[in-house]
Amino acid sequence: MLHTFVAYVEDKPGVLTRVASLFRRLNINIISLTVGRSERTGYSRMTIVAEASDQAGHRIRASLYKLEDVAEVDDISGISAVTRELALIKVAANAENRSGVFELAEVFRARIVDLAPESMMIEITGVESKIEGLIQVLNERENRVLEVCRSGKMTMRRGHHTSRVLRAMGVSSEPSASDSDRNVLPTVEEPE
Amino acid sequence: MTHGQSEFHPEVLTRLTGAEILWATLVGESVTDVFGYPGGAILPAYDALRKFPIRHILVRHEQGAAHMADGYARASGKVGVAIATSGPGATNLVTGIATAMMDSIPMVCITGQVSSKVLGTDAFQEIDITGITLPVTKHNFLVSRAEEIAPAIRAAFQIAQSGRPGPVLVDITKDAQQATAIFDFAGAKPRAYAPHPMLHCNDQKLHQAAELIRKAERPVILAGHGILQARAGEQVRSLAERMQIPIGMTLLGLGAFPASHPLNMGMMGMHGESWVNQAIQEADLLIACGMRFDDRVIGTPATYATKAKKIHIEIDPAEINKNIAVDVALVGDLREVLEQLLPLLPGRDGSAWLRLIEASKGTAAVRDIRNLPDSGHLYAAHVMHDLWRITEGRAIVATDVGQHQMWEAQYYHHDFPRTLITSGGLGTMGFALPAGIGAKFACPDREVWVIAGDGGFQMTASELATIAQEKLKIHIAVINNGYLGMVRQWQEFFYERNYQSTPLVSPDFVKLADAHGIRGAAVRKRAELENVVNEARAHDGPFLINFMVEQEDSVYPMIPAGSALHEMIRRPDQNPLIETPQDS
C-alpha cells in the first residue's frame with residue numbers, strides 16, 4: 001500500500017541522506033519526497049510517499065524516530081488530510097493555438113505564468129489526478145508538452161495541527177519575529 | 001563525575017586546541033583507555049595525548065581497535081573508545097563498528113579527517129567516513145571547528161549509551177584539532193535525552209501481559225542481551241522464580257541469567273539444545289525479554305511457536321512485529337517494565353510443565369559428547385567443558401565465530417553477566433583476540449580466555465604483538481581443526497561434502513606465539529589438557545594453547561537454515577566422525 005509520512009527533521013547537512021538511506025536499506029522506493037522549511041525555526045518538514053507492505057508503516061515510523069535528527073514522524077496513510085502537488089508545465093504554443101491552452105487552464109484552475117513566442121508555462125496545484133488530467137488533455141491537443149516539473153506531494157492533516165514537537169519543546173507555535181517575514185501563519189493549537 | 005587523581009579539571013574554562021579539547025572531553029566522560037592507531041590526520045590529537053590521564057593502547061590494525069573498544073564495552077558496560085586516522089584508518093574500523101551496531105554495543109569511534117579546506121577534494125587519505133558508516137552507526141558527526149568538538153563528543157557518549165545502545169563515530173578535521181576554542185565541558189552538555197516517542201507500556205498493556213502470564217500453562221521466557229543492557233537480571237530472575245517459568249537463552253543473553261539455575265534450560269536457536277527448542281515449539285506463551293527474534297533463533301517465522309501467545313518486552317519500537325508478530329508489546333526499558341509487571345504476578349505452580357520439559361531431554365543428554373567414552377580423540381567440546389570446569393566458570397571468555405563459538409556456548413556455562421564476549425549479529429571472524437584484549441583492559445583482575453578457531457584467529461593474529469607490548473596476561477585457546485569448521489559442516493550437510501576452499505594450512509601457532517615472546521604449547525590428547533591449561537593459568541603472562549582437535553567434528557543439534565525449530569538435526573547415536581584426510 002501507499003504510505004505517507006510527515007517528518008520534522010533538523011535543518012542540517014546530511015539529514016536527507018539519513019532519511020533516504022533508511023528507505024534504501026529496506027529496499028523501498030520513495031515515490032515522492034518534498035522538503036521545506038516548517039513553522040519551527042531550525043526544522044524542515046518532509047512529506048514522504050513510499051510503496052511498502054501494510055505492516056511496514058510501523059517499522060518505518062519507528063526507524064525514522066531512531067534517527068537522531070528526526071524530531072517527529074506522523075504516519076498519515078489513510079487519515080483525513082489535504083494533499084497537494086504543484087506542477088509547472090511548459091507547452092508548445094504560438095499565436096494560432098494559444099487560446100485553447102488559456103481555456104484549458106481556466107477549466108483546470110491553473111495559471112499561465114510565462115508566455116513566449118513559441119511556448120507557454122502553466123502553473124497548476126492540486127491532487128495528483130488533477131495534474132495528470134491536465135497533462136493528458138494537453139497531450140491530446142496539438143500543443144506538445146515540452147517540460148513537466150512536479151513538486152511531489154505535500155500533505156497536512158485536516159483539523160488540529162499535529163506538531164507534537166512544539167508541545168514537547170514547550171514552545172508556542174506563534175511565529176517568532178524572525179518567522180514573520182517568512183509569511184508563516186499561526187498554527188491552531190489543539191485544545192487540551 | 002569522578003576523575004580523582006586526574007590533574008586536569010574540565011570545569012575550568014580555558015582556551016585549548018581542538019586536540020586538547022578532544023582528550024579533555026574524554027576525561028570528562030570518565031574515559032581511561034582508548035584503543036587506536038595514529039596517522040597524519042589525527043596527529044594533532046596524538047601530540048596532545050601526553051597531557052591527559054588516558055592510556056592509549058597501540059593496536060596493529062584499526063579493526064583490532066574497534067573490536068577492543070567493543071570487548072571493553074561488553075566486559076565493563078561502559079563506553080568503549082577507538083581512535084584512528086582518516087582514510088584507510090577509518091575504513092579499517094568499519095567491520096568493528098558494524099559488529100558493535102548489530103549487537104547494540106555502546107562505543108565511540110574518533111577518526112581524523114583531512115582539513116576542512118580540502119574536504120571533498122579527494123585529498124591524500126581523505127574518505128567520506130561519515131557517509132560510509134551511516135548505516136552501521138547509531139549516529140555520526142563530521143566536526144570541522146574546534147568549538148564543535150566537545151559538544152559532538154558529549155552527544156556521542158549520550159547517544160551511544162541511551163535507549164538501545166550502539167556505536168557513534170565522530171570525524172574531526174585536522175584543522176579543527178589544531179584550532180583553539182574555549183573549553184567548556186558543562187556548556188557542551190547535550191540536550192536532555194529524549195526517549196523514543198513510541199515507547200508504550202501502560203496499565204492496560206501490563207494487565208494484558210499479566211493476564212496472559214497468569215493463565216499460561218506452558219510459558220517460556222526468552223532471555224536476550226537486553227537483560228544485560230538494562231541490568232534487569234534480578235527482575236528476570238524474580239519473574240522466572242515467582243511464576244516458575246523456564247528460561248531459554250539467546251547467544252548474547254548467556255550470562256544474563258545463571259546457567260546453573262534450575263529454571264535455565266540453556267541456549268535456544270540454531271545450535272540450541274533440543275529440549276529448549278522443543279519447549280518453545282510446545283509453549284502456549286513466550287515472554288521475550290530484550291531479544292529480537294533473530295532468524296538464528298526462530299528458524300522460520302511461519303513455523304515458530306505457532307501455539308504460543310507472545311509478549312515482547314523491548315526498548316526498540318522498530319523491533320516490534322519485525323520478525324514475529326506479537327500479542328502484547330511492552331515497549332520500554334526492560335527493568336522498568338518488569339518492575340511494573342511483577343506486582344501483578346502473585347505466583348504460580350509450574351511443576352507440570354517443568355516435568356514435561358525435563359522428560360523431553362530424553363536421550364539427548366546421553367548422546368552428549370561429555371557422556372561418550374574417551375576415544376583418545378580430542379574434541380572441541382571437551383576443551384570447552386574442561387575449560388569451564390578448570391576455571392570454575394569464572395573466566396571472561398571472548399570467542400570468535402564458527403563451530404568453537406557454538407561449542408563454547410553449549411559447554412562453557414556462564415553463571416555471571418558479561419563473561420561471554422562474542423559477535424552474535426554480524427558473526428565477525430577475527431573478533432575474539434582483540435575483543436579479549438579489550439575485556440582484559442576493562443577487567444584487569446579477571447581471568448580472560450580468548451577462544452578462536454584456526455581460521456578466525458589468523459584474521460587478527462597480528463594483535464598478538466599488542467598483547468606482547470602491553471604484557472597482558474591473556475590465555476589464548478586456538479581450536480585448530482584444519483578447516484573453516486562451520487563452513488565445512490555446512491558443506492558436509494548441505495553441499496554433499498564438497499569441501500571447497502575450507503581446508504586450511506596454518507602456521508605453527510605455538511611458534512607464532514613464540515615469535516612474539518608469548519609462551520605456548522600444543523595439546524593433542526585430552527589427557528594432556530588439564531596440565532597445559534593449569535600451566536597457562538599459572539604463567540605470569542600471556543599463553544597460547546594450540547588445541548589440535550578432531551578435524552571433521554560437527555556442532556549438534558542443528559536447525560538447518562530455513563527449517564522449523566523442531567526439525568533440528570539431533571546428535572547422532574553413534575560417533576559421527578568419518579575418517580579424516582589425515583587418517584586415510
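Analyst: We will look at an interface and then at the cavities. This is a predicted model, in which local features need pLDDT of at least 70 and side-chain atom pairs count only at pLDDT 80 or more, while totals for chains, interfaces and linings use all residues. Residues are numbered from 1 along each chain as its sequence is written, chains are lettered from A in the order in which they are written, and side-chain values use heavy atoms, with hydrogens and water left out.

User: How many residues of chain B are in contact with chain A?

Analyst: Contact means heavy atoms within 4.5 Å, and 15 residues of chain B are in contact with 15 residues of chain A.

User: How many salt bridges cross this interface?

Analyst: A salt bridge is a side-chain nitrogen of Lys or Arg within 4 Å of a carboxyl oxygen of Asp or Glu. The rule finds two between chain B and chain A, and one joins the side chains of A:Glu10 and B:Arg191 at 2.9 Å, N to O.

User: Where does the largest cavity lie?

Analyst: Rolling a probe the size of a water molecule over the atoms shows where empty space is left. On a 1 Å grid over the protein atoms alone, a cavity is a set of points where a 1.4 Å probe fits but cannot get out, and lining residues have an atom within 4 Å of a point. Domain 2 (203-360) and domain 3 (369-567) of chain B, with bounds from an automatic or database domain assignment, both give residues to the lining of the largest cavity, so this cavity lies between them. Its lining includes B:Arg74, B:His225 and B:Arg418.

Technical notes. On a 1 Å grid over the protein atoms alone, a cavity is a set of points where a 1.4 Å probe fits but cannot get out, and a pocket is an open set with protein on both sides within 12 Å along at least five of seven lines; lining residues have an atom within 4 Å of a point.
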